[in-house]
Amino acid sequence: MNALHTERLTLRRWRDSDLEPWAAMNADPAVREHLGEVLTREGSDASVARFEAGFERRGYGWWAVEVRATGEFIGFAGLDEVDAGLPFAGVEIGWRLARSAWGHGYATEAAQSVLAHAFDVLQLPEVLAVTTATNLRSQAVMRRIGMTRDPADDFDDPDAPEGPLRPNVLFRLPRPTAA
């Protein structure tokens, strides 16, 4: 599937025109606060190449997100396999938006569309979400889309340096059962 549509958003495959605003997002310390250092333009472009390769390999991945009314690129949302070396396995949902898109409900709207795709199309048994323990905004989105957290599942990210990026929380949402 190449695109998902919500009332206000289109989640679609990446275009060359997305590279510049994506790089600007990745150079913004506020956007990268819970992710680590800002990315160079080369690193940012390389991430899009990885996203597209993952899409080709699996049939799902990280979609570019744009506002339907204006066509403005505002970030990404989608699914990815959990990184090897973590104390759990599965498919993770995620999102990242430009600062100008914060506070409009876009992350929740995009995530709900991604969840519907994960459960209805991909038939995944469960979707996971991971973020730093200090990323309260993303945790709020996770709760709004119905995910729950068991503190016993919290973990230290083995790839993060000592400091605020190391403690992480894990949220889960099993596929809904038909009533």
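**Exercise 1.** How do the axes of helix H1 and helix H2 cross, and within what distance do they come?

*Solution.* The model is predicted: local features need pLDDT of at least 70, side-chain atom pairs count only at pLDDT 80 or more, and totals for chains, interfaces and linings use all residues. Residues are numbered from 1 along each chain as its sequence is written, and side-chain values use heavy atoms, with hydrogens and water left out.

Step 1. Identify the elements: helices (H or I, at least four residues) and strands (E, at least two) are DSSP runs, numbered from the N terminus. H1 spans residues 19-26 and H2 residues 41-58.

Step 2. Axes are lines fitted to C-alpha atoms, for helices over the stretch in contact, with angles from 0 to 180 degrees between N-to-C directions. The two axes come within 9 Å and cross at roughly 120°.

Step 3. List the contacts (heavy atoms within 4.5 Å). H1 contributes Leu19, Glu20, Trp22, Ala23 and Asn26, while H2 contributes Arg41, Ser44, Asp45, Ser47, Val48 and Phe51.

**Exercise 2.** Count the aromatic pairs and classify two of them.

*Solution.* Step 1. Rings of Phe, Tyr and Trp (its six-membered ring) pair if their centres lie within 6.5 Å; planes under 30 degrees apart count as stacked, over 60 as edge-to-face and the rest as tilted. The count by this rule is 10 aromatic pairs.

Step 1. The ring centres of Phe55 and Trp63 are 5.3 Å apart and the planes lie at 75°, so this pair is edge-to-face. Both Phe55 and Trp63 are buried, where buried means under 20% relative accessible area, exposed over 50% and partly exposed in between (1.4 Å probe, protein chains only).

Step 2. Trp62 and Phe76 form a stacked pair, with 4.7 Å centre to centre and 5° between the planes. Because Trp62 lies in strand S3 (residues 62-67) and Phe76 in strand S4 (residues 73-81), the pair ties together parts 14 residues apart in sequence. Trp62 is buried at 10% relative accessibility, and Phe76 is buried at 4%.

Step 3. Trp62 and Phe76 belong to one aromatic cluster with Trp14, Trp22, Phe51 and Phe73.
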